[in-house]
Structures are given as structure tokens and as C-alpha cells.
Amino acid sequence: MNGPDAEEQGPPGSLTDPQAVPPERAAEAALRPKRLDEFVGQQVVRDQLSLVLDAATARERSPEHVLLSGPPGLGKTTLAMIIAAEISAPLRITSGPAIQHAGDLAAILSSLDEGEVLFIDEIHRLARPAEEMLYIAMEDFRVDVVVGKGVGATSIPLELPPFTVVGATTRAGLLPAPLRDRFGFVGHLDFYDAGELLQVVQRSAQRLEVEITADAAGEIASRSRGTPRIANRLLRRVRDWAQVRGDGNLDLIAARAALEVYEVDQRGLDRLDRSVLSALCTRFAGGPVGLSTLAVAVGEETETVETMVEPYLVREGFLLRTPRGRSAARAAWEHLGLAPPESGTETAPMLGRF
Ligand code: ADP
């Protein structure tokens, strides 16, 4: 992050940051669904995955490698854990940024047990040599271990037992084709609708052993940016508010009051979302403006704006990605209480995934 207000604005660590901050991991672990039939929503991916797993179990083979893509907080890690649980296999967890050198990956691969599931989060951030080693290992179940240095170095091929890679990425487009092609199943997770999030909130309230009224659960669901991680986080904050400032009941009054304290508005937008829209409308006359210029204007990293802020604003029809840059849609002006310019600012959206 850069910029003077970066710390205050988030989103890392803010209430609607779709990434988990480290102290939150334990709270999340308690709420994670453990089996596929407890996993709410994502019907298509769930059905397809269930078929892949059932077929592998019937053949007594490891399932094909699985790639899960989609914005943070939608359940990629949860699904990786579920895959391992469904096939009763051990799970090893690592991430692209944690693997600095090909040797780090060689050490992991050569210590895998037969049938183990290797979860690689943020797989698009693997260094190139590790990436190449990985796709050879995924295809041929072999890793070339280099022994010695300089002219005397020799490469010894090491056979690996069958295993399954589950890769997760927020940026599927950044994966090189040779790596992407090694995945037998690719599932794209999309934002959840309000009904699905309502189920997530109610299920989590049960797990936390708190009672919540249906309208309070609905209020949290509708302000959770289509993201279960945020729904669970808002639920915990509403519970705090009810205990500390309210009468202990998780009702609509507590939900609205807590969400106001945390500056989450009716559409689930937080301060950073609003400042992106506000910069777009007031400083760039609605756009189009380049992503990096927009990010600088709000004191954020380009990647933060692109992966955490934009997808939801695009999906909710506030922001348009056009070939010439980002533009504010009419809904953005209206949401901020600003008058849209006379002639349309809405240009044709750019096709393709983000
Ligand atoms: P990602 O890896 O995509 O960032 P996670 O799998 O870590 O997301 O999910 C974040 C949290 O949201 C988890 O703790 C889990 O409790 C909850 N969650 C995600 N997807 C679902 C779902 N489909 N049903 C219920 N809870 C979910």
C-alpha cells in the first residue's frame, strides 16, 4: 500500500477485505464446511467436482488435478480441503509466494505420500522455474533433482507417487498455458447471491451458537459483497455489537447499527469502494481512466483495486471496464448522490474474465 491514508482505508484488514488477515484464520477454520454437501451455492462447480471425485474413487485412482479460480473469499481453500476430505487423502498446503525457488518445490514434491492432495494457493505467483518443475511433475509424476553445482551438476530424475494438485488463483488469466493445460478440471467460482449468503450466515450463526433473526441475517447477507468470508466477518461484528452495545440480540437493529459503525453501506460497499467510485466520478469526470491512474488517486496498489475492488463493482453495475479504461456507470453516480453528466458515460464493457 502507498499513500497517506492507506492504512486507514484498507482494504487489507478492513471489514470488507475479501482476504483473510492472519488472526482471523482460526475463526474461519471453525466455520469452514467440511464436506461437499455442506458447501453452500456454486451448484455447477459442486456437481462437476463431485463427478470427478466419484469417478476417481470408483477407479481407485487419484483425481485429476483441479484448478479453482475466482475472487478471494469465495471458497477455494475450503473446496481444496473438502476434496481431500471427500477422498480421505492427506492434504499439504502451500502457496505460490511461499515457494521462492524450484528447490523448495522439489522438497515438497519429493516428500508427498501416495494419493496426497497438494493445495497451492495463489498458484499464479509461482516463480517461473518452479512453475516448469510443477507441470512436469503434474504430467509425468517425476521431478528432476539437481545434485552438485556448476559443471559437475547432474540432474537425477526422481519418480513420484500419484498425487493431486489443487491450484487456486484469483487471476486465471495470468497462468501460462502449459500449466493451465495440466489441470483436468477447472472450476470458476462466482459471487454468491443473497439467498446463498443468507444460508451461509444462518449456518455460521448455528456454528457460533448464537441466535439471529431472519431479517438480521438477510441484512448481513445483502451487504456482504457476494462473499462468504465477508458474510462471516460481518456476522461476528454484529455479534460483538449486540453483546457490547446492544441487548445481546442479533436482530435488525444490531445488524444495521454494527454495519453503520463499520461503514458498510446498503449495497455492501466500504470506504475504499466508495472512494474508487468517487475518484472516478469527481476527479476523472466518470472516466474512462486507466486502472493504475485510478489506483494512485485512491492511494492503493493497482493489484488491490483490480482483484479486490473492481470485480464486485463491475458485477453490481457500478463500474465498467472498457478498452479505453474504467468508467463510472449511471448507478455509481446515483449511489454517491451525484448528478450524472448529460451524455452517457457508459461505454461498451470489455468482454472477458477478470
Ligand atoms: P478463498 O480460498 O477463495 O479465499 P476460503 O475457502 O478461505 O476462500 O473461504 C473463506 C471463508 O468463507 C471460509 O472460512 C468459509 O467458512 C466460508 N465459505 C466459503 N465458501 C463457503 C460456502 N460455499 N459455504 C459456506 N461457507 C463458505
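How many residues lie between β4 and β5 in their hairpin, and which residue in the turn has a positive phi? Start there. This is a predicted model: local features need pLDDT of at least 70, side-chain atom pairs count only at pLDDT 80 or more, and totals for chains, interfaces and linings use all residues. Numbering runs from 1 along each chain as its sequence is written, and side-chain values use heavy atoms, with hydrogens and water left out.

**Stop 1: the hairpin**

Select 142–147 and 154–159, which are β4 and β5. Helices (H or I, at least four residues) and strands (E, at least two) are DSSP runs, numbered from the N terminus. The two strands pair in the antiparallel sense over 6 bridges; pairing requires that DSSP finds at least two bridges between two strands. The hairpin has 6 residues between its strands. Pick G148 in the turn: its positive phi is about 85 degrees. Now pick D144, which stands opposite P157 of β5.

**Stop 2: the whole chain**

Zoom out. The protein chain holds 15 helices and 9 strands. Its C-alpha atoms fill a box of roughly 70 × 50 × 35 Å along the principal axes. A compact globule of 354 residues would have a radius of gyration near 20 Å, and the 22 Å of the protein chain agrees with that. The radius is taken over C-alpha atoms, and the globule rule is 2.2 Å times the number of residues to the power 0.38.

**Stop 3: the sheet**

Next, show the open sheet of 5 strands, in the order β2-β3-β6-β1-β7, with parallel pairing. At its edges are β2 (91–95) and β7 (185–188), each pairing on one side only. Neighbouring strands are turned by 15 degrees against each other on average, direction ignored. Axes are lines fitted to C-alpha atoms, for helices over the stretch in contact, and angles run from 0 to 180 degrees between N-to-C directions.

Select β3 (117–121) and β6 (164–169): they pair in the parallel sense over 4 bridges. L118 has V165 of β6 as its bridge partner.

Contact means heavy atoms within 4.5 Å.

**Stop 4: α3 and α4**

Angles under 35 degrees count as roughly parallel, over 145 as roughly antiparallel, 65 to 115 as roughly perpendicular and the rest as oblique. Show V45, L49 and L53 of α3 against L79, I83 and E86 of α4. This contact has 5 nonpolar residues, no polar and 1 charged. Ala, Val, Leu, Ile, Met, Phe, Trp, Tyr, Cys and Pro count as nonpolar, Asp, Glu, Lys and Arg as charged, and the others, Gly among them, as polar.

**Stop 5: α8 and α9**

Move to α8 (194–207) and α9 (214–222). Their axes come within 8 Å and cross at roughly 120 degrees. That makes α8 oblique to α9. Select A194, L197, L198, V201 and Q202 of α8, then A214, A217, G218, I220 and A221 of α9. The contact has 8 nonpolar, 2 polar and no charged residues.

**Stop 6: α10 and α11**

Finish with α10 (228–244) and α11 (252–261), whose axes come within 9 Å and cross at roughly 105 degrees. The pair is therefore roughly perpendicular. The contact residues of α10 include R237 and W241; among those of α11 are L259 and V261. By class, the contact divides into 10 nonpolar, no polar and 1 charged.
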